[in-house]
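Dear colleague,

I am passing on the structure below, and my notes on its packing follow it.

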Amino acid sequence: MAVRRGSAPKLGDVLLVTGSEGFLADRAVRSAIAAVKKDFAEVETTELDASTLDVGVFAELTGPSLFAAERVLVMRALENLPAEMAPRLIEYAGGPAEDILLVLVHSGGQKGKGVLDKLRKASVTEVVATAPKAWELPQFVTGEIRLHGGSADERAATALVDAVGHDLRALAGACAQLVSDSGGQAVTAELIGQYFGGRAEVTSFAVADAAIAGRTEPALEQLRWALDCGVAPVLVTSAMAGGLRGLAKFSSAPGGMREADLAREVGVPPWKLKSLRQQSRGWTPGGLATAIKAVAQADADVKGASGDAGYALERMVITVSRAHGRR
């Protein structure tokens, strides 16, 4: 999720946006620009890649402007900032121009970490754009729906995640559309079914759930349908791996834990524990090991180790479903 540290950005500030979740990072940038434009409608906005920055360009962008008194400068890919520019940028952050909001976007990772550390010491405002975990996605959905003035319960939010998948842009777009078309009513699982009913049955999660339940033929049918509908093979292996990891964590968790503690231990929302209990009844440590190995092989195959991704996925589904109940 996007987490802000410090006050809202304004002219005279340096805003640092860090993290690998591009949708949330872009939203933070848009929000910053909108905040300035709320008070200064004619604000001039300039965007550039940090790799193109040199002394002359930086001086021109941060110096007095002949055409606009108020400006927003967005510098993306800060991790690619030329080494010779780092001292100048850090010096500027210590005393920014009063008529400029400088937005620095770093896509995450260790590259350029030294510059980040020095900027933070200069007390810049920071927004951290971190992708939510899979079990947090229903919470993201309910937040998006509230953002647009609507409401939805956990069942509806989960249904939307199952139908649309984990891409935040797609989920946010779906939330906006559903609220717009709901006529002021709560967004329900039934409404989501009307919009995405054809997609919900072909998601990678449906394939994984059927295979993990030991239902070979339904799992293969779901897989073929999913591939025909354009579901990427890597999403199928990812869903299968996630399902098996959750099952392994659940099976190895200490007994007697409270529901909330168990959910945190496994890394799933509390509502998911019921299905994990049902799934775990047919699995043994040996069967899980066999299934996890099959998924790892299939993942390598669909990423290039094999020329036939469909065959690799079918073999994975058969192996996983038959490992159910194996000792």
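In these notes, contact means heavy atoms within 4.5 Å. The model is a predicted one, in which local features need pLDDT of at least 70 and side-chain atom pairs count only at pLDDT 80 or more, while totals for chains, interfaces and linings use all residues. Residues are numbered from 1 along each chain as its sequence is written, and side-chain values use heavy atoms, with hydrogens and water left out.

Leaving aside neighbours within four places in sequence, Val 103 is in contact with Leu 15, Val 17, Val 29, Ala 32, Val 72, Leu 73, Val 74 and Met 75. Val 103, together with Leu 160 and Leu 171, has the most contacts inside the largest nonpolar core, which has 40 residues; such a core is a set of buried Ala, Val, Leu, Ile, Met, Phe, Trp, Tyr and Cys residues joined through side-chain atoms within 4.5 Å, where buried means under 20% relative accessible area with a 1.4 Å probe and protein chains only. Helix H1 gives the largest share of this core, 8 residues (helices are DSSP runs of H or I, at least four residues, numbered from the N terminus). A second, separate core of 35 residues includes Leu 262, Ala 263, Val 302 and Val 320.

In helix H5 (residues 137-147), the buried residues are Leu 137, Pro 138, Phe 140, Val 141, Thr 142, Glu 144 and Ile 145, and the buried residues of H5 pack against helix H1 (22-39), helix H6 (154-164) and helix H7 (168-181). Just after H5, Gly 149 takes a positive phi of about 90°.

With kind regards

Definitions and conventions: Buried < 20%, exposed > 50% of the residue type's maximum accessible area, 1.4 Å probe, protein only. Helix = DSSP H or I, 4+ residues; strand = E, 2+ residues; numbered from the N terminus.
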